Amino acid sequence: MEDKWLEIVNPDEGLYLLLGRKRYGKSVLGYYLLELLHKEIGKDCYVYGLPEEKTHLLPDFITPIYNLDLPEGSIILFDEAYISFHARSPLSSINKAMDTLSGLVGQKGILGLFVSQQSRKLDIGVISAADGLFFKMPSMLQAKFERPEIRRLSELSLIHISEPTRPLYISYAV
């Protein structure tokens, strides 16, 4: 299974969205990818915006960060990304900074993992820069209310995941 993730995710750079129903393991998948890529490639791992009272739960190889001065050559998990990069705050300074950063991901060698229940809640700058999508069990109406750019992929994911031999996730990557 680990080899399959290393084939899907470019460990050198990129932005990936992890979308799906609440309580279905999107964050767990994000932390698993941090652990796998740290173990296999040795990259430094960070989690953005984790509440300070929860930092004691992190393993030693994951460092919490609270600003967008992201370290070069690192992997950053943006858990519950819609809280920091909400679609209804497009002119906020943090969304502007993320829009700029998403263009520099390749130059800085950053791998960003954005966890959210729906793409609709995320700033368009994050979505348009995505190199891949992972769907964990979409909610019943998620496909209907997704952004138009992602709606068809969400509909296909719901069909495949609903099959009797359903996969644990569906991925789309460039």
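In strand β6, Lys 136 is the bridge partner of Gly 20. The model is predicted, so that local features need pLDDT of at least 70 and side-chain atom pairs count only at pLDDT 80 or more, while totals for chains, interfaces and linings use all residues. Residues are numbered from 1 along each chain as its sequence is written, and side-chain values use heavy atoms, with hydrogens and water left out.

Helices (H or I, at least four residues) and strands (E, at least two) are DSSP runs numbered from the N terminus. Two strands pair if DSSP finds at least two bridges between them.

| Strand pair | Sense | Bridges |
|---|---|---|
| β1 (residues 14-20) and β5 | parallel | six |
| β4 (residues 74-78) and β5 | parallel | four |
| β1 and β6 (residues 132-136) | parallel | five |

Within β5, Leu 113 is the bridge partner of Tyr 16 and also of Leu 77. Leu 18 stands opposite Val 115 of β5.

Burial is stated by relative accessible area: buried means under 20%, exposed over 50%, and partly exposed in between, with a 1.4 Å probe and protein chains only. Strand β1 is mostly covered, seven of its seven residues being buried. From β1, Gly 14, Tyr 16, Leu 18 and Gly 20 point one way, and Leu 15, Leu 17 and Leu 19 point the other way. Strand β5 (residues 111-116) is likewise mostly covered, with six of its six residues buried. Here Leu 111, Leu 113 and Val 115 point one way, whereas Gly 112, Phe 114 and Ser 116 point the other way.

Ser 74 lies in strand β4 and is buried, with a relative accessible area of 1%. Contact means heavy atoms within 4.5 Å. Leaving aside neighbours within four places in sequence, Ser 74 is in contact with Lys 43, Asp 44, Tyr 46, Gly 109, Ile 110 and Leu 111. Gly 42 and Ser 74 are 32 residues apart in sequence, and their C-alpha atoms are 9.5 Å apart in space.

Gly 42 belongs to the loop between α2 and β2 (44-48). Just after α2, Gly 42 takes a positive phi of about 80°. Gly 42 is partly exposed, with a relative accessible area of 46%.

The expected span of a helix is 1.5 Å times one less than its number of residues. Helix α2 (residues 26-41) has 16 residues and should therefore span 22 Å, which agrees with the 22 Å between its end C-alpha atoms. Buried residues in α2 are Lys 26, Leu 29, Gly 30, Leu 33, Leu 34, Leu 36 and Leu 37.

Lys 26 also lines the second largest pocket, together with Lys 22, Arg 23, Tyr 24, Gly 25, Ser 27, Val 28, Glu 80 and Gln 117. On a 1 Å grid over the protein atoms alone, a pocket is an open set of points where a 1.4 Å probe fits, with protein on both sides within 12 Å along at least five of seven lines; lining residues have an atom within 4 Å of a point. The volume of the second largest pocket is about 190 Å³, taken as the space filled by probe spheres set on the points, which are joined across faces, edges and corners. By class, its lining has two nonpolar, three polar and four charged residues. Ala, Val, Leu, Ile, Met, Phe, Trp, Tyr, Cys and Pro count as nonpolar, Asp, Glu, Lys and Arg as charged, and the others, Gly among them, as polar.
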